[in-house]
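Let's walk through this protein together, one region at a time. Keep the sequence and the 3D view side by side as you read.

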Amino acid sequence: MIKTLDKSMSPADVVARLTDGMTIGIGGWGPRRKPMALVREILRSPLKDLTIVAYGGPDVGMLCAAGKVRKVIYGFVSLDVIPLEPHFRNARESGAINVWEVDEGMLQLGLRAAAARLPFLPTRVGLGTDLLTHSPHLKTVRSPYDDGEVLLAMPAIPLDVALLHVNESDVKGNTRIDGPDPFFDEWFARAAKQCYVSCETLTPSLEEEDLVRARNNPFERSLVTGVVHAPAGAHPTSCGPQYGFDVPHLKTYCASADQDAGFAAYRQDVIGNSEVDYLAKIGGTGHVLGLPLPVL
């Protein structure tokens, strides 16, 4: 008899494995397919002094507003329809966090270098810009071949943990991303020592035909440390094709950035003490599944 490896966990199980000072990569893209159920569990925890690596959205803003973050490494932090994430903006402008802003492609290269266990990857991106002025720790290298070209050496960005959200997973960590935005989740998974995946649907086993197209299954189950069943777990970000982002909710969240102790009230009144509380306060999974997909 073959014993099936079951990697299923609760959000609390995942957060219990995290420690202060970790470097945590958060997958998704702006307000798309963010592992918000796991982010909310971090918000309910005493974790602090985190370095967050992300193409950021409300995940980054909420963690900054809650005082969980020491540093953010990012290509952008945006809610798309609300271009500037206000809680992140407040944290950056006040000097409450350290930041390293890089080109979106450079962030990918940093993750890819870490995934390959390389110290850096060469690129032309950033040369001839003020990036080197504002990031003096970046170095250049000269090609050892006849061209002798000078290139920027994008350093590896190794992660202690990656947190991702997918449409479907089985208990072994085989995953599916069915929306149009898989983007760089695979590199977060490969750059991390541990990778935890939340999912809309959890099954005992995905059939082979479900995993045929590489686009739907961008990283191997061997990279997945744990799987969390979290229906509506990307809310208020989108998770196509199941649901779009919740613009009225995002506006309410953003408005809290303009109020004294606004985020503290949002965290208490909306995020609550559990994911069950949160879903009840936002109208349940039925509300989330009814959110229209964005038209871009």
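In which loop is Asp 49 found? Asp 49 sits in the loop between α2 (36-43) and β3 (50-56); here helices (H or I, at least four residues) and strands (E, at least two) are DSSP runs, numbered from the N terminus. Before going further, please note that this is a predicted model, in which local features need pLDDT of at least 70 and side-chain atom pairs count only at pLDDT 80 or more, while totals for chains, interfaces and linings use all residues. Residues are numbered from 1 along each chain as its sequence is written, and side-chain values use heavy atoms, with hydrogens and water left out.

Back to Asp 49: its phi is near 60°, a positive value in a residue other than glycine. Asp 49 is partly exposed, with a relative accessible area of 39%. On this scale, buried means under 20% relative accessible area, exposed over 50%, and partly exposed in between (1.4 Å probe, protein chains only). Another non-glycine residue with positive phi is Ala 232, where the angle is near 65°. Ala 232 lies in the loop between β12 (226-229) and α8 (247-255), and is buried, with a relative accessible area of 3%.

Ser 222 counts as exposed because its relative accessibility is 63%.

Next, turn to the charged side chains. Side chains of opposite charge can pair when their charged atoms come close. The structure holds 15 salt bridges, a salt bridge being a side-chain nitrogen of Lys or Arg within 4 Å of a carboxyl oxygen of Asp or Glu. One of them joins Lys 48 and Asp 20, at 2.7 Å from N to O. This pair links distant parts of the chain, 28 residues apart: Lys 48 is in the loop between α2 and β3, and Asp 20 is in the loop between α1 (11-16) and β2. Lys 48 is partly exposed at 38% relative accessible area, and Asp 20 is partly exposed at 38%.

Arg 32 and Asp 80 form another salt bridge, with their closest N and O atoms 2.3 Å apart. Arg 32 lies in the loop between β2 and α2 and Asp 80 in the loop between β4 (69-77) and α4 (86-94), so the pair ties together parts that are 48 residues apart in sequence. Arg 32 counts as buried at 10% relative accessibility, whereas Asp 80 is partly exposed at 33%. Arg 92 pairs with Glu 101 in a salt bridge, the closest N and O atoms being 3.2 Å apart. Elsewhere, Arg 40, Glu 41, Arg 44 and Glu 275 are linked in a network of salt bridges.

What does the side chain of Lys 34 touch? Lys 34 is in the loop between β2 (23-26) and α2 and counts as buried at 0% relative accessibility. Its side chain makes a polar contact of 2.9 Å with the side chain of Asp 59. A polar contact is a pair of N or O atoms within 3.5 Å; within protein, one must be able to donate a hydrogen and the other to accept it, and residues adjacent in sequence count only if both atoms are side-chain atoms. The backbone oxygen of Tyr 55 also lies 2.9 Å from a polar atom of the Lys 34 side chain.

Finally, step back to the domains. The chain is divided into domain 1 (11-103 + 157-202 + 218-288) and domain 2 (120-155), with bounds from an automatic or database domain assignment. Their C-alpha centres lie 31 Å apart. Four residues of domain 1 are in contact with seven of domain 2, contact meaning heavy atoms within 4.5 Å. Across this interface the rule finds zero salt bridges.
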